[in-house]
Amino acid sequence: MPLRYTLLPLLMPATLVGLLVAALGTPGAAVPVALITLAGSLMALGLSRGALQRQLDRLARSTRGRAEGGGGPTPDPDRLEEVASLEGAIDSLHTRLSARNTELTQESRTLTAVLDSMAEGIWVTDAEGTVVRHNDALRNILQTGAPIVGQRPLAVIRDDQLHDAVMRGCREGNSSHLELSLEGLFPRTLSVRVTPLGRDLPGSAAVFHDVTELRRLEKVRKDFVANVSHELRTPITAIRGYAETLQGGALGDAQVAPRMVEIIHRQSERLSELVEDLLELSRLESQQVSLRLTDVPLAEAAARAADTVRPKAEGKGQVVSLHVPAGLVAVGDPRAVEQVLLNLLDNAVKYTPAGGRVDVDGACEDGRCVVRVRDTGVGIEPRHLSRIFERFYRVDKGRSRDMGGTGLGLSIVKHLLQAMDGEVKVESQPNEGSTFTIFLPQAAPARSATG
């Protein structure tokens with residue numbers, strides 16, 4: 001406080017009293033009276049300053065307590081009017097700040113809830129590219145438990161393109177779109193959009209979309225188109241070639257013509273089977289097949305399927321043995337269940353060498369009906385097991401075509417079982433044989449007794 005603000009209030013009363021005493025005709029007493037007045041003023045000032053200081057200290061403690069989350073000050077009836085006015089102003093400011101802080105907290109919680117509810121991963125960086133915030137989905141997409149906040153892009157994802165895109169967004173305000181392939185135990189493909197924050201805010205934001213399944217489906221679609229074209233081309237080429245040969249004069253050759261006609265007939269049957277399997281698979285995938293779920297005695301279904309393949313098995317010197325209990329009854333569509341077993345038995349006979357055997361076992365396990373089709377065939381290498389239920393997937397393409405397969409049988413098996421709330425699994429070792437296991441819901445005991 002400037003010195004004049006203290007001296008003037010002290011000297012003014014003493015000066016006025018001294019002048020007044022001198023004016024009344026006692027100049028000799030003016031100085032002592034002025035000094036006495038000055039001393040009284042000093043004492044009064046000291047007392048008032050002490051009281052003011054105590055009230056200000058109390059107000060300061062109260063204000064600090066409220067800033068730390070404590071309650072308001074206790075009203076003091078002896079407080080000065082100026083202190084009361086200052087305290088009222090502080091109370092008003094505290095109320096406004098509290099209301100604003102509540103709004104900001106609610107906005108922050110709402111923003112966090114929105115970000116965490118998103119399926120896409122999001123991170124926000126500062127002007128230097130350091131991650132300052134992210135949502136829960138990002139950690140799931142990146143499959144990492146390491147800290148993300150406080151890290152640079154390269155420390156989170158080892159990809160120079162992403163790092164450069166983030167830097168361009170932070171420094172140049174440019175947006176970027178890129179696709180990343182992450183290696184690891186579960187490889188993933190991510191589509192990333194990096195944009196500057198805008199509105200004069202430094203930094204950038206990146207949105208991560210997991211497009212792994214989308215890219216897989218695109219590849220399946222492309223492979224399907226390529227496989228269908230190839231599978232159709234093979235019989236059509238054979239039919240066209242032999243037909244042109246017959247037109248060219250071979251029709252009159254009594255030895256060659258019948259063999260060519262037989263080949264044309266066989267290829268047309270293969271083409272018909274392929275088209276039928278494609279239509280069946282298309283109906284299953286589009287859920288256009290209406291299955292009639294009822295009690296299905298699996299022993300009877302397995303017997304009918306075995307009777308169909310037994311002539312082919314006997315022609316190769318194979319033994320088809322059934323061990324399905326008569327009381328094993330599942331819930332499913334009779335035609336679909338028989339088709340599943342027929343496809344599995346046909347494959348088992350087809351890929352089992354002459355003199356081998358095929359066994360069909362049935363049991364009830366964990367409340368489900370289980371049927372296993374075992375063979376002593378050529379087996380399947382482990383790297384093929386995860387894909388053999390895909391359309392047109394063949395372990396040995398040349399051998400499968402020579403044996404007349406369309407490459408759709410196991411895919412139809414999988415879709416039929418899924419439509420009946422069942423599933424299929426496979427176990428196999430090269431040169432030791434394969435075991436295909438199907439699972440179906442078990443029929444209720446009361447219904448089984450009546451079935």
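**Strand pairing and helix packing in the predicted model**

Of the 451 residues of the chain, 33% count as buried. The model is predicted. Its secondary structure comes to 14 helices and 12 strands. Among contacts in the chain with a separation of 6 or more, 58% link residues 24 or more positions apart.

Strand 4 covers residues 188-198, and strand 5 covers residues 201-210. The two pair in the antiparallel sense over eight bridges. Leucine 190 has aspartate 210 of strand 5 as its bridge partner.

Further antiparallel pairing involves strands 9, 10 and 12. Strand 9 (residues 357-365) pairs with strand 10 (residues 368-375) over eight bridges. Here aspartate 361 stands opposite arginine 372 of strand 10. The hairpin of strand 9 and strand 10 has two residues between the strands. In this hairpin, aspartate 366 takes a positive phi near 55 degrees. Strand 10 also pairs with strand 12 (residues 433-441), in the antiparallel sense and over seven bridges. Valine 373 has its bridge partner in strand 12, namely phenylalanine 436.

Helix packing was examined next. Two packed helices are described by the angle between their axes and the distance between the axes. Helix 9 spans residues 298-315 and packs with helix 10 at an angle of about 35 degrees. Their axes are 9 Å apart. The crossing of this pair is right-handed. On helix 9, the contact is made by Leu298, Ala301, Ala302, Arg304, Ala305, Ala306, Thr308, Val309, Lys312 and Ala313. On helix 10, the contact residues are Val337, Glu338, Leu341, Leu342, Leu345, Asp346 and Val349. By class, this contact of helix 9 with helix 10 has 12 nonpolar, one polar and four charged residues.

Helix 10 (residues 334-350) also meets helix 13 (residues 409-419). The axes of these two helices come within 9 Å and cross at roughly 150 degrees. Helix 10 is therefore roughly antiparallel to helix 13. The crossing is left-handed. Helix 10 contributes Ala336, Gln339, Val340, Asn343, Leu344 and Asn347 to the contact. Helix 13 contributes Gly409, Leu410, Ile412, Val413, Leu416 and Leu417. The classes in this contact of helix 10 with helix 13 are eight nonpolar, four polar and no charged residues.

The buried residues of helix 13 are Leu410, Ser411, Ile412, Val413, His415, Leu416 and Leu417. Among them, Leu410, Ile412, Val413, Leu416 and Leu417 also take part in the contact with helix 10. Just after helix 13, aspartate 421 takes a positive phi of about 60 degrees.

Key:
Residues numbered from 1 in each chain as written. Predicted model: local features only at pLDDT ≥ 70, side-chain atom pairs only at ≥ 80, totals over all residues. Heavy atoms only, no water. Pairing = 2+ DSSP bridges. Helix = DSSP H or I, 4+ residues; strand = E, 2+ residues; numbered from the N terminus. Axes fitted to C-alpha atoms, helices over the stretch in contact; angles between N-to-C directions. Parallel < 35°, antiparallel > 145°, perpendicular 65-115°, else oblique. Left-handed = near helix turned anticlockwise from the far one by under 90°. Contact = heavy atoms within 4.5 Å. Nonpolar A, V, L, I, M, F, W, Y, C, P; charged D, E, K, R; others polar. Buried < 20%, exposed > 50% of the residue type's maximum accessible area, 1.4 Å probe, protein only.
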